[in-house]
Amino acid sequence: MPAALVVLGDSLLLGEGDIVAADADLTEASALLMDESMLTGESEPVAKSTGDVVSAGTVVVRGRGVATATATGSASALGRIAALLDGDHEPTPLQRRLASLGRVLAAVTLALCVLFFALGLLRGLGVSTMAVTAISLAVAAVPESLPAVVTLALALGARRMAARGALVRRLPAVETLGSVSVLATDKTGTLTEGRMVVQRLWTPSGAADVSGSGYEPQGDLTRAGRSLTPEQLRPLQELLTTAALCNDASLKPPQSGSAAWTAVGDPMEAALLAAAAKAGCPDPAELHRDCPRIGEAPFDSSRKRMTTLHHLPDGNVLVCLKGAPESVLAPMVLAEPPEVLDQARLQAAQLAAHGFRVLAVAGAERLQWSLPAAEAEEGLSLLGLIAISDPPKATAATTLAACRAAGITPVMITGDHPATAHAIAVRIGLVEDGPADSVVTGPELAAAPDTDLTAVRVFARTDPQQKLDIVHAWRARGAVTAMTGDGVNDGPALRQADIGVAMGARGTEVARQAADLVLTDDELSTVVTAVEEGRRVYDNIRRFLVYAMAGGAAEILVMLAGPLLGLALPLRAGQILWINLLTHGLTGVAMGAEPASPEAMRRPPRPPGQHILAAGVWQRLLILAAAVTAFSLIAGIGARSMGLPWQSVLFLSLLGAQLGVALGLRARLLTTQNLSLPAAVAASALLAMAALHLPALQSLLDTQPVGWAGIGLAASAALAAFVAARLLRGAFHRKA
C-alpha cells in the first residue's frame with residue numbers, strides 16, 4: 001500500500017497535493033468521488049476510475065479508495081491557483097477619470113488666474129490685492145470638497161449595500177459596480193438552488209411532475225396541473241419506495257438557526273428520499289425496519305447501477321435496483337417487452353436533453369435468495385424513470401433580465417456538464433432554446449485557443465486558468481467585468497476581474513479574500529442591487545462636478561466680466577472663500593447622498609474610457625456657469641443702479657444662484673430620501689445672511705446689509721438659476 005493517504009467511506013481527502021486513485025484491487029469497486037468541479041460547489045457527484053486525478057479536499061460520497069499524493073506546494077492544484085492570485089489591483093474607472101480631470105482642471109485654473117492677475121495689474125490695482133484675489137479664485141475654481149464628496153458617496157453606498165446583503169471589501173469598488181458591462185457568474189448555488197431535486201417521474205402507466213424545492217419533504221405530485229387519483233399515485237409510490245430502499249442517504253431536519261433541510265450522504269439519493277415523502281411513501285426509518293437490507297451490490301462507474309436486497313415481512317426477498325438508464329434498460333436486466341424498453345429509452349433521452357440527471361428504477365420479489373445481490377440483476381420489472389436536477393432559482397430569470405435591461409451582458413461559467421449548463425441557461429433565458437452547441441467546454445477551448453471568448457455566453461467544464469482567460473478576453477475588449485465565484489479555483493478570476501464577487505454563505509475563505517464584494521445572502525439579484533448603488537454613486541459625483549465646477553467657473557467669470565461692466569472689483573477675496581465654503585462644503589457634501597435616478601437601471605453602463613465630463617456634462621456645466629454669471633451680474637448692476645451696496649448684493653446673488661442650481665439638479669426634486677440637501681441649502685442661506693448682518697463677519701468679509709430690495713434681487717437670481725438647472729436637466733435627461 002502506498003505511503004500516502006487512505007480514503008474510506010465518507011471521509012475527507014486531506015493533504016496539500018493532487019491525488020491519484022490507487023490500484024483497483026484495493027477495493028471491491030471503484031470509488032465514486034466528486035471531481036474538481038465539486039470543489040466549486042457543483043451539485044452532482046462525478047464518478048472516478050482507477051488512475052484518475054482528483055484534488056486535495058475531494059469528498060468520497062460512496063465506496064472506498066486509496067490515493068497517493070503526487071504533488072505538493074507550488075506544484076499542486078492549490079499552489080497553481082495561489083500563483084494566479086498574485087498581482088495588484090488596477091485603478092478603478094472613477095480613479096482614472098478623476099485623475100484625468102484633475103490634470104485638466106489644474107492647468108485651466110492656473111491659466112485663468114494668471115489672466116485675472118494680469119488684467120488687474122493693467123487696471124492699476126495693487127499687486128497684493130490681486131495676488132490674494134487670484135489665489136482665492138484658484139481655491140474657488142477647484143472643487144476641493146470633491147474628495148469628501150466621493151468618500152461620503154462611496155461610504156454611504158457601501159452602507160446601503162451592506163444593509164441589502166452586499167459587503168464591500170474595497171471602497172472604490174462601489175463606483176466600479178456602476179460601470180459593469182459584463183457579469184460572469186457560476187451556475188450552482190448562484191443561478192440554481194445548489195440542491196438536487198426530483199422534478200419529474202415517469203412510469204409505463206403515466207408521468208407526473210413533482211413540486212417543492214430543496215430537500216424539504218414537502219410538495220405535490222401532479223399530472224397536467226391536476227392532483228393524482230389514488231390509482232394514478234400507486235405506481236409512482238412503488239417507484240419512489242423502491243428508490244428509497246435502494247438508498248444510503250438520509251435527510252436532516254432544520255437545526256437551530258436554519259430553516260432548511262439538509263442532505264446527509266449523496267445529494268442525489270437525498271433528493272429521492274424527499275420525493276418519496278412528497279408522494280406519501282412510508283418514512284425511510286420505517287421502511288428499513290419493515291424491510292431490512294440483507295445484501296447489496298454498490299454502485300460503481302463500470303456497472304453504473306446499485307442493487308439492494310431486502311427481507312419482506314412475508315419471508316420473500318425484494319430486489320431493488322437503480323442506475324443509469326443505459327445500464328438498467330437492457331434485456332439482460334429487465335423482463336419487459338421491447339416496445340416498453342424503447343419507450344423508456346426515448347423518455348430517458350428526452351429528459352436528459354432537458355438537462356435532467358435520469359435514473360431508471362426496477363424491482364422484483366424472489367421467493368428466496370441466497371446468492372450475492374449482483375446475481376439478482378436479471379428478470380426485473382421496470383418501475384419507471386426519475387428526473388433529477390438542480391433547478392434554477394425563482395429569481396434567476398428576472399435577475400438576468402434586469403441585467404440586460406441595464407446593458408449588462410450575463411455569461412455563465414460552470415464546471416458542470418455542458419448539457420446541464422445549456423438546459424439551465426435556456427430555462428433562465430440566458431440563451432434561446434435550440435442545439436446545445438452554443439455551450440463551449442474547457443477541453444474545446446484547450447483544443448481551439450483562438451476561440452473568441454467574448455462571443456460565448458455559456459461555458460462548461462472550465463478550469464481556473466480558462467476562467468481567467470475569459471475575464472482577460474472581455475477586459476481586452478474594453479468591458480468592465482464582474483465575476484462571481486465561491487471556490488478556491490475561482491480566486492484568480494475574482495482577483496483579476498474589475499469586480500470580484502464572492503459568496504459569503506457557501507464561499508471559501510480564498511474566494512472571499514480575493515473578492516471586492518461579498519454577498520451575505522448568496523443571491524445574484526444582490527449584485528444587480530449593488531450595480532444600481534454604483535450608478536447612484538457615479539451619478540452623484542457627476543452631479544456634484546456640474547454644480548461645483550459651474551459655480552467655480554461662474555465666480556471666475558464674474559471677476560473677469562465685472563470690471564468690463566463697471567464693477568471694478570466685483571468680490572473681495574474673503575467673500576469668494578465664504579461662497580466657496582458654503583456651496584462646496586455643506587451643500588456639496590450633501591449632494592453625495594442623493595437617491596438613484598429613476599432611469600439608472602434602464603440605460604447602458606458608462607464606457608470605461610469615457611471622460612467623467614462627457615455625455616453632456618461639460619455642456620451643462622458651461623451653460624449653467626454662464627447662467628449663474630449672468631443672473632448674478634444682473635442683480636449686482638441692478639443694485640448699483642438702485643443705490644444699494646452692490647458688492648454685497650452680488651455676493652449674496654452669486655451664492656444664492658449656486659444654491660438654486662444645487663436644488664435644480666436633483667433627479668427627484670421632491671424626494672424625502674435625502675433631506676440633508678434642502679437642509680444644507682437652508683443652512684447655507686442662513687449663513688450667507690449672517691455674513692451680511694453679524695458685525696464680526698461684516699468686518700471679516702467686508703459686507704453690509706442689503707435691505708429687502710437687495711434680498712429680492714438675490715432671491716430672483718437664485719430662482720432663475722434653479723429654473724435654468726431644471727430646464728437643462730430635462731434637455732439632457734437621456735445623458736444624465
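Before I start, a cut-off: I call a residue buried when its relative accessible area is under 20%, exposed when it is over 50%, and partly exposed in between. I also keep in mind that this is a predicted model.

Entry one, A224. I looked at the backbone and found a phi near 55° for A224, a positive value in a residue that is not glycine. Where does A224 sit? I traced A224 to the loop between β11 (221-223) and β12 (226-227). Is A224 buried or exposed? Its relative accessible area is 73%, so I wrote A224 down as exposed, since the cut-off for that is over 50%.

Entry two, R461. Here I noted another non-glycine residue with positive phi, about 50° for R461. I placed R461 in the loop that runs between β22 (458-460) and α15 (464-476). The relative accessibility of R461 is 29%, which lies between the two cut-offs, so I logged R461 as partly exposed.

I then stepped back and asked how many helices and strands the chain has. I noted 24 helices and 25 strands. Of the 736 residues in the chain, 53% are buried. For contacts with a separation of 6 or more, I found that 71% join residues 24 or more positions apart.

Methods:
Residues are numbered from 1 along each chain as its sequence is written. This is a predicted model: local features need pLDDT of at least 70, side-chain atom pairs count only at pLDDT 80 or more; totals for chains, interfaces and linings use all residues. Side-chain values use heavy atoms; hydrogens and water are left out. Helices (H or I, at least four residues) and strands (E, at least two) are DSSP runs, numbered from the N terminus. Buried means under 20% relative accessible area, exposed over 50%, partly exposed in between (1.4 Å probe, protein chains only). Contact means heavy atoms within 4.5 Å.
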